[in-house]
Amino acid sequence: MLPCPYAYEEVDVHEKDEVAASLIAWHFRIEPELRAIYRIISADEDAAGEPIKLLEVNAASVETGRVVPFAFGSAGDITYPSVVAEVTPAEMDAIRQRKIALPAGWSLETAREFLRPRAVDAA
Amino acid sequence: MLRDVATVAPDRAGWALAYVKQGGSDFTMYQLLSGMPGVPICHLLHYLQMAGEKIAKAYRFRDTDTAEDRLTTEHVAFSRFIQSYLGSPEIKQRYAGKDEQLREIVKVARKLAREIEKLAPAVDRKTSPANAEYPWLDDGSVVVPCEFTYPNLTLLTEPGGRTFLRLLEMAIADFERIRIH
């Protein structure tokens, strides 16, 4: 029997969500000026090897007028590769106004928003 | 015999441009390798260390009067460059009104830059033998770089790690605009 040409290896979505949540929570903990994180969900998010993609709004970052994503391999408890792009709040506004482009394949329309938890600052 | 290299002796500006181009290429390799599964961390960090050193040399060639032969033959302190870079008018202007944040960034960036410059085998070998190229001795055992995890340089989970990379990218991309002295 020939393999289905449309089949591809899928990841455990629930597990990937948990790992993403863990990474997001860690970043909020270690970056005091991080305001929000957007988890970018692509059409092939469930495909094996598709990284966790985060757009992070950090008031302490430097404004460059462009969005440059950086890739990271899996490390420790972060068992998925990830791609993180950091922007300032002003750049995030510009992104929403389409004055600054997101990386190819990234969209805010299907992104999941994570705002800075109050408990992080109270701790 | 055909030559595809310039035969005119370059001035400091020429050297600076050459170093920022090569440093930029090293940084691109760091980014490419970072996105490839299965690549040992030592290779990513090797390119990051080379990029940092060349970027530092580029700025020092152009903005200081450090002797040319020192810049071309010696390892230039990347951490010292980061200090100068983060004190530049361009960076100060981008962080205008955010002094406390800039102070924190400087603290974090200097620490990361110091860890990165120690990856060069010739730097601090006796006290910090861990480097990105050659096996070293640790407590009687030989450590192989491609099997080492470099825990101090996991930029995904280090405070300021992502901002540091952004600052480095800016140092390359905006070289024409930024002056350290």
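**Figure 1. Buried residues of helix H7 of chain B.** The buried residues of H7(B) are Gly161(B), Arg162(B), Thr163(B), Phe164(B), Leu165(B), Arg166(B), Leu167(B), Leu168(B), Glu169(B), Met170(B), Ala171(B) and Ile172(B). Buried means under 20% relative accessible area, exposed over 50% and partly exposed in between, with a 1.4 Å probe and protein chains only. The model is predicted: local features need pLDDT of at least 70, side-chain atom pairs count only at pLDDT 80 or more, and totals for chains, interfaces and linings use all residues. Residues are numbered from 1 along each chain as its sequence is written, chains are lettered from A and ligands numbered from 1 in the order in which they are written, and side-chain values use heavy atoms, with hydrogens and water left out. Twelve of the 13 residues of H7(B) are buried, and the helix is mostly covered. H7(B) comprises residues 161–173 and reaches 19 Å from its first C-alpha to its last, close to the 18 Å expected at 1.5 Å a residue. The expected span is 1.5 Å times one less than the number of residues. Helices (H or I, at least four residues) and strands (E, at least two) are DSSP runs, numbered from the N terminus.

Figure 2. Glu169(B) lies in helix H7 of chain B and counts as buried because its relative accessibility is 11%. Leaving aside neighbours within four places in sequence, Glu169(B) is in contact (heavy atoms within 4.5 Å) with Arg66(A), Val68(A), Phe70(A) and Phe27(B).

**Figure 3. The contact between chain A and chain B.** Chain A gives 29 residues to the contact and chain B gives 28 residues. About 2200 Å² is buried between the two chains, and carbon and sulfur atoms give 56% of this area. Buried area is the accessible area (1.4 Å probe) that two parts lose on being put together, summed over both. Of the area that chain A buries against chain B, Val62(A), Phe70(A) and Phe72(A) supply 29%, more than any other three residues.

Figure 4. Glu91(A) and Arg166(B) meet in a salt bridge through their side chains (2.9 Å, N to O). There are 19 residue pairs in polar contact between chain A and chain B, both residues at pLDDT 80 or more. A polar contact is a pair of N or O atoms within 3.5 Å; within protein, one must be able to donate a hydrogen and the other to accept it, and residues adjacent in sequence count only if both atoms are side-chain atoms. On the side of chain A that touches chain B, the elements giving two or more residues are helix H1 (13–30), strand S2 (52–58), strand S3 (70–72) and strand S4 (82–87) of chain A.

**Figure 5. Glu31(A) at the chain contact.** Glu31(A) is in the loop between H1 and strand S1 (34–40) of chain A. Glu31(A) counts as buried because its relative accessibility is 7%. The side chains of Glu31(A) and Arg162(B) are joined by a polar contact of 2.6 Å. Not counting residues up to four places away in sequence, Glu31(A) touches residues including Asn58(A), Arg116(A), Glu158(B) and Pro159(B).

**Figure 6. Surroundings of Arg94(B).** Arg94(B) belongs to helix H5 (residues 89–94) of chain B and counts as buried because its relative accessibility is 16%. Beyond four places in sequence, Arg94(B) touches Val62(A), Glu63(A), Thr64(A), Met170(B), Asp174(B) and Arg177(B). Its side chain makes a polar contact with the side chain of Asp174(B) (3.3 Å). Asp174(B) also forms a salt bridge with Arg177(B), with the closest N and O atoms 3.4 Å apart. Asp174(B) is buried, with a relative accessible area of 9%, whereas Arg177(B) counts as exposed at 51%.

**Figure 7. A salt-bridge network in chain A.** Salt bridges link Lys16(A), Asp17(A), Arg39(A), Glu45(A), Glu50(A), Lys53(A) and Arg112(A) in a network. The side chains of Glu45(A) and Arg39(A) meet in a salt bridge (3.5 Å, N to O), and both residues are buried.

Methods. A salt bridge is a side-chain nitrogen of Lys or Arg within 4 Å of a carboxyl oxygen of Asp or Glu.
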